[in-house]
Amino acid sequence: MAASGRDSADRAPLNRERVLRAAVAFADREGIAALSMRKLGEELGVEAMSLYNHVVRKSDLLDGMIDLVFSEIGWPAGNSAAGNGAAGNGAVLDWRAEMWSRAVSARLVLRRHPWAIGLMESRTSPGPATLAHHDAVLGCLRRAGFSIELTAHANALLDSYLYGFALQEASLPFVTGEEAARVAREISGGFAPGQYPYLTEMAMARITSPGYDYADEFEVGLDLILDALAAAAR
């Protein structure tokens, strides 16, 4: 009888990448707090001690998981030959489009891996994908003519907005626009007339309007930030 796909996977040689991908899948499904070496071993059909041939300790496992997440995010053009020009030549690449694409990609990746939001910048032993990603972001801004100081400001501002929005989005008690409208009506229905006029206005005029999607707020805010950075760079 032919072996099932899961049986074949279970017999595949254990290596670091397989361990890390299994850990990411487990965290996606159960949450990072539920992840342990014992449970990961059960997931892979091996004893927990076998995992230490591929990850040194739990922190090494987390480092590798975060590096996998970073590898899924689209990188902006950084210091590669794609730019083929000196810093300050604004015509070399469209930094605004690059930062836009990177931010949108990162948000989508963090929606798939919400457990990673609080860990993305916490690693003290970042992996190659993590380092290459950050270097590409900095390189894109520097080659677009941003000073070192403004590059630092832009990087902090963009990452704070990105991670903050992702965390807020992951915490919301709704997913679809219809669910958002229902929650808004339930909350505002408990207000006495005139008690919270601006919250009621926002709920009735914005959140319950047809086609509302909280996710749209991300691109509006991103546009405002990039416009401000472009003005600062000028």
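**Overall look**

I began with burial: 39% of the 234 residues of the protein chain count as buried (under 20% relative accessible area, with a 1.4 Å probe and protein chains only). I keep in mind that this is a predicted model, where local features need pLDDT of at least 70, side-chain atom pairs count only at pLDDT 80 or more, and totals for chains, interfaces and linings use all residues. Residues are numbered from 1 along each chain as its sequence is written, and side-chain values use heavy atoms, with hydrogens and water left out.

Next I looked up the secondary structure and found 11 helices and zero strands (DSSP runs, H or I of at least four residues for helices and E of at least two for strands, numbered from the N terminus).

**The core**

I then turned to the largest nonpolar core, which has 57 residues (buried Ala, Val, Leu, Ile, Met, Phe, Trp, Tyr and Cys joined through side-chain atoms within 4.5 Å). Helix H8 (148-171) is among the helices that each supply at least two residues of this core, and H8 gives the most, with eight residues. Among the residues with the most contacts inside the core are Trp95, Trp115 and Met120.

What is Met120 in contact with, leaving aside its neighbours within four places in sequence? I found Ile66, Val69, Phe70, Ile73, Leu110 and Tyr163 (contact means heavy atoms within 4.5 Å).

**Contacts along the chain**

Last, I checked sequence separation: of the contacts in the protein chain with a separation of 6 or more, 77% come from residues 24 or more positions apart.

Terms used:
Buried < 20%, exposed > 50% of the residue type's maximum accessible area, 1.4 Å probe, protein only.
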